[in-house]
Amino acid sequence: MSIALYRKYRSATFADLIGQAHVADTLRNQVRGGELAHAYLFAGIRGTGKTSTARILARAVTCLQPADGEPCNRCAACVEVLGGGAVDVLEIDAASNRGIDEMRELRERVKFLPASLRRKVYIIDEAHMLTTEAWNAFLKTLEEPPPHVLFVLATTEPHKVPETVRSRVQRFDFRRVERADVAAHLAHILELEGAEADPAALDLLARAGQGSVRDAMSLLDQALGTGERPLGVETVRRSLGLADPATIRDLLLHLAAGDAAETMRAVARAFDSGADARQLLRDMSRLARAAELVALGAAEGADLAADEQETCARLAATARRGLWVEAIDTFGTAEINLRQPVDARTQVELSLLRLLHGGGGGAGPDGTALAALAARVAELERRLAGGPPGVVPVTGRATPPPTSAEPSPPPVGVQAPPPPAPLPEPIVELPPPPPAPPMASGGPADLDGWQALWPAIVDAVNRRDPMLAGVLRSCRPLEAAPGRLKVGAPYGFHLERLQERQKARLLDEVISEVAGAACSVEAVFSGTDAPARPAPSPAPGAPDATAAVLATFPGSRITASRLRDTAADGPA
């Protein structure tokens with residue numbers, strides 16, 4: 001069985017660490033000067049060298065022939081540690097040994113002197129997984145360990161390590177490794193392996209590693225498994241499930257232009273070519289971030305390749321303001337959803353459709369205000385075109401009502417009159433409104449206008465209270481007057497919800513916002529069920545509680561009753 005590359009080429013000295021010079025130099029100086037701390041905390045993302053550094057430090061403090069703060073890796077002590085048989089260097093997986101009993105056992109073991117090495121070293125990996133009780137049991141030992149003991153804690157989530165622990169250790173933060181450093185390291189490994197690769201392929205692997213050396217080396221191992229030599233860009237893309245950059249470019253350009261059909265065709269091409277949904281979301285997020293930075297004038301932070309700079313400039317110039325910020329958030333949410341058992345392709349397509357539909361219909365934070373503005377403009381256009389007032393579509397431009405018959409042609413020899421001049425664009429220059437505009441006093445003045453506006457009201461409520469929106473979908477406007485609207489509830493449950501103080505206040509606010517003026521709402525019962533039926537009279541001698549229940553829930557009937565013990569009532 002072959003050994004994975006990240007294990008085969010694990011760093012052996014501080015000088016071998018990739019991209020962590022600030023950590024390597026400090027630890028090397030401490031070992032050289034004999035000024036070691038009693039405990040260290042190594043924090044950073046996966047694959048940046050935390051555990052490798054802990055093992056190098058363990059060898060350095062136990063080495064019989066150290067050289068300038070570095071372990072020699074040849075003496076008996078170093079060989080024993082490298083072979084994994086040193087009883088004085090223990091690696092503990094906190095994810096599996098996270099309880100108080102394990103910490104109590106460790107606390108008892110640290111009292112004993114080393115068996116063969118100069119010091120005892122305890123490396124606790126994933127330290128944030130320890131329970132609160134385990135930390136409490138370990139705290140005193142961590143603060144004042146015996147002089148022959150050294151603790152090294154490694155974690156990817158330092159914020160979960162208690163503050164009382166962080167204040168007792170020396171903390172080193174391991175940074176994400178630069179892409180160029182990772183690519184150079186991969187090239188060095190290929191040289192040792194006697195293989196070759198296209199520099200662009202190595203850059204692609206380094207980018208996919210996202211700052212983790214181990215992840216990049218694992219991806220290189222996967223790409224080498226294809227057997228292609230030299231390793232090319234297309235091979236790397238296929239092995240990683242990456243889409244063709246041209247396809248992603250076309251997809252985002254169509255998204256920026258709001259072309260839904262071409263956007264969906266582009267995402268279909270990406271999946272048909274074998275793209276992985278998670279990688280596709282990450283690639284789109286990276287370019288969306290770059291486009292937003294370009295739009296803000298901070299292109300230097302985008303870390304773009306030469307062929308991507310022009311694409312991101314076009315994306316920044318074409319898209320509506322705020323699209324790429326929404327895209328980054330939407331793509332991130334879709335990637336989180338992929339952790340669940342869902343259809344990956346559907347999640348990607350859904351995220352794109354949300355962005356496409358969020359540009360003008362009011363799906364964003366100002367959705368209510370946009371819907372209200374669109375409704376008022378459409379009403380003004382309808383009145384200018386001679387249509388009946390009060391019918392307010394939510395989105396799009398209003399069109400004049402169709403005529404019932406085509407105009408008759410002029411007689412032979414008679415010149416047809418010229419066509420009427422088109423009306424001026426109402427958006428640019430609006431004439432003064434009529435003396436009593438229906439919208440100025442609280443929304444549409446007639447019931448038809450409110451019914452046309454009702455879907456927009458439900459949609460606006462749904463963004464603030466989905467449960468109330470579910471109730472409103474079964475309700476309808478019944479009567480309308482300037483500044484007043486009466487809403488009918490078909491069931492008692494719906495009426496109760498609409499009459500709750502908080503729900504009623506929210507409904508008043510949303511309807512006023514959508515209508516564009518203050519409007520009071522009254523909820524009434526519109527069904528024919530329970531409220532229309534008289535409450536049944538309780539049976540003679542029924543308890544007061546039963547009578548109260550029947551009065552509260554009209555139309556109910558008793559199906560069971562608790563037996564009453566009348567033995568203590570005496571003779572009748």
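User: In which sense do strands β2 and β3 pair, and over how many bridges?
Analyst: This is a predicted model. In it, β2 (residues 89-93) pairs with β3 in the parallel sense, over five bridges.

User: Which residue is the bridge partner of Asp93 in β3?
Analyst: Asp125 of β3 is the bridge partner of Asp93.

User: How many of the six residues of β3 are buried?
Analyst: Five of the six are buried, so β3 (residues 120-125) is largely enclosed by the rest of the structure.

User: New topic. What is the order of strands in the sheet with β6, β7 and β8?
Analyst: The order is β6-β7-β8. These three strands form an open sheet with mixed pairing.

User: Which strands stand at the edges, and why is one side of each left without a neighbour?
Analyst: The edges are β6 (476-481) and β8 (520-525). Each has a single partner strand, so one side of each lacks a neighbour in the sheet. From one strand to the next, the twist averages 25°.

User: Which helices pack on that sheet?
Analyst: Helix α19 (residues 447-462) packs on the sheet and touches β6 and β7. The direction of α19 makes about 140° with that of β6. Helix α21 (residues 492-499) also packs on the sheet, touching β7 and β8. The direction of α21 makes about 155° with that of β8.

User: Back to the strands. Do β6 and β7 run parallel or antiparallel?
Analyst: Antiparallel, with five bridges joining β6 to β7. Ala481 stands opposite Arg484 in β7.

User: What about the hairpin of β6 and β7: how many residues sit between the strands, and which residue takes a positive phi?
Analyst: Two residues lie between the strands. Gly483 takes the positive phi, near 80°.

User: And in which sense do β7 and β8 pair?
Analyst: In the parallel sense, over six bridges, with β7 spanning residues 484-489. Arg484 has Ser520 as its bridge partner in β8.

User: On to helices. At what angle do α16 and α17 cross?
Analyst: Their axes cross at roughly 155° and come within 9 Å. That makes α16 roughly antiparallel to α17. The crossing of α16 past α17 is right-handed. Helix α16 covers residues 323-337, and α17 covers residues 344-357.

User: Which residues make the contact?
Analyst: From α16: Leu323, Glu326, Ala327, Thr330, Phe331, Ala334 and Asn337. From α17: Gln347, Ser351, Leu352 and Leu355. By class, the contact of α16 with α17 has six nonpolar, four polar and one charged residues.

User: Now α14 and α15. At what angle do they cross?
Analyst: The axes of α14 (residues 277-296) and α15 (residues 306-318) cross at roughly 70° and come within 8 Å. The two helices are therefore roughly perpendicular to each other. Helix α14 passes α15 in a right-handed crossing.

User: Which residues of α14 and α15 make that contact?
Analyst: Helix α14 contributes Arg286, Leu287, Ala290, Ala291, Val294 and Ala295. Helix α15 contributes Glu308, Cys312, Ala313, Leu315 and Ala316. The contact of α14 with α15 has nine nonpolar, no polar and two charged residues.

User: Last one. Where is Ser212?
Analyst: Ser212 is in the loop between α9 (199-209) and α10 (213-224).

User: Is Ser212 buried or exposed?
Analyst: Buried, at 2% relative accessibility.

User: What is Ser212 in contact with, leaving aside neighbours within four places in sequence?
Analyst: Ser212 is in contact with Ile45, Arg46 and Gly47.

Note on methods:
Residues are numbered from 1 along each chain as its sequence is written. This is a predicted model: local features need pLDDT of at least 70, side-chain atom pairs count only at pLDDT 80 or more; totals for chains, interfaces and linings use all residues. Side-chain values use heavy atoms; hydrogens and water are left out. Two strands pair if DSSP finds at least two bridges between them. Helices (H or I, at least four residues) and strands (E, at least two) are DSSP runs, numbered from the N terminus. Axes are lines fitted to C-alpha atoms, for helices over the stretch in contact, and angles run from 0 to 180 degrees between N-to-C directions. Contact means heavy atoms within 4.5 Å. Angles under 35 degrees count as roughly parallel, over 145 as roughly antiparallel, 65 to 115 as roughly perpendicular and the rest as oblique. A crossing is left-handed if the near helix is turned anticlockwise from the far one by less than a right angle, and right-handed if clockwise. Ala, Val, Leu, Ile, Met, Phe, Trp, Tyr, Cys and Pro count as nonpolar, Asp, Glu, Lys and Arg as charged, and the others, Gly among them, as polar. Buried means under 20% relative accessible area, exposed over 50%, partly exposed in between (1.4 Å probe, protein chains only).
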